[in-house]
Amino acid sequence: MTQSQTPPRLDGIRAVLIDLDGTLVDTAGDFGVALNAMLADLGAEPVPTERLMTFVGKGTANLVRKTLAERFPADEIDALFERAQDKYEAVYTSINGQHTALYPEVREGLAALRAAGLPVACITNKQHRFAVDLLAHYGLSDQFDLVYGGDSWPRRKPDPMPLVKACEAFGVPPSQAVLVGDSGNDAQAARAAGCRSLTVPYGYNHGESIQTIDTDGIVASILGAARVILPDATPTLAS
C-alpha cells in the first residue's frame, strides 16, 4: 500500500495495540539529551538528532550500543556499555517527557477508541517504567488497559511475544487485533503474531521510507486509525 491510497476498513477488530515512541509521542528530544549527556560523560562528541532517530525502536540497550558504535572502536564497546547505559538511564529518568511532543490527534483517536469500548494496549520497546511515566506525563494513563514495555517479556518487538500476550490478556484472537505503529519493527511483530497492522507516516522507522513497510494501511494519525477500525456509523468520527 502507498501513502496516497485510502486504507481499507479493518472489520472485526476487537482490540487495539499501539506503539509509543514515534507513534503517540515524538521522543527524539529526550533521547538526544540523554544520549549526549552519556557521550559527554565518556568524552565523546554529541550525536545529531536526525542520526539518533535512526537508532530508535529496538530498546535502550540497542540505542546505547548503536550510539557508542559510532564513537568508539568495536573492541571497546563492551567495556564501556555498563557505564554508558547507567548514565543514559539516570539522565533519561530525570527528564522523561520534558523534551517531547504529543503527535496531533492522539487524544482524539484514543478517546474515540475508548468510547467504542475497545480494549487498548500500549506496546513499546521502551522500558516499562519509562513508558508508564511518559504516559502519565501526558495524562494518558487512563486511556490504556495495559502497558507492556521492552522489559515486560523475555522478547520484544519485532518478536510477536508482547502482542500475543496482550491478545491473551484481552481474550481476543490475534486476527481480531491491530497494532498501530510507525516502523517496520511494529509491522513485522504484527505479521508474526497474526495481527493486523496500521502505520502512521511520521515517526522514525530506523531512517527508512515508510513505503517500505508491509502494512495493512497508512493512516495520518491515531484518529485516522480509529476511523479505519471503527464502524462507519460512529458519529464522532465523521471526517
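Reader: Is F130 buried or exposed?

Author: Happy to start there, with a note that this is a predicted model, where local features need pLDDT of at least 70, side-chain atom pairs count only at pLDDT 80 or more, and totals for chains, interfaces and linings use all residues. Residues are numbered from 1 along each chain as its sequence is written, and side-chain values use heavy atoms, leaving out hydrogens and water. Buried means under 20% relative accessible area, exposed over 50% and partly exposed in between, with a 1.4 Å probe and protein chains only. F130 has 2% relative accessibility, so the residue counts as buried.

Reader: How many aromatic pairs does a search of the whole structure find?

Author: Rings of Phe, Tyr and Trp (its six-membered ring) pair if their centres lie within 6.5 Å; planes under 30 degrees apart are stacked, over 60 edge-to-face, and the rest tilted. On that basis the search of the whole structure gives 5.

Reader: Nice! Are the rings of Y92 and F130 stacked, tilted or edge-to-face?

Author: Helices here are DSSP runs (H or I, at least four residues), numbered from the N terminus. Y92 lies in helix α4 and F130 in helix α6 (residues 128–137), so the pair ties together parts 38 residues apart in sequence. The ring centres are 4.8 Å apart with the planes at 55°, so the pair is tilted.

Reader: And which residue lies over the face of F81?

Author: A charge sits over a ring if NZ of Lys or CZ of Arg is within 6 Å of the ring centre and within 35 degrees of the ring normal. At 4.2 Å from the ring centre of F81, that residue is R65.

Note on methods:
Helix = DSSP H or I, 4+ residues; strand = E, 2+ residues; numbered from the N terminus.
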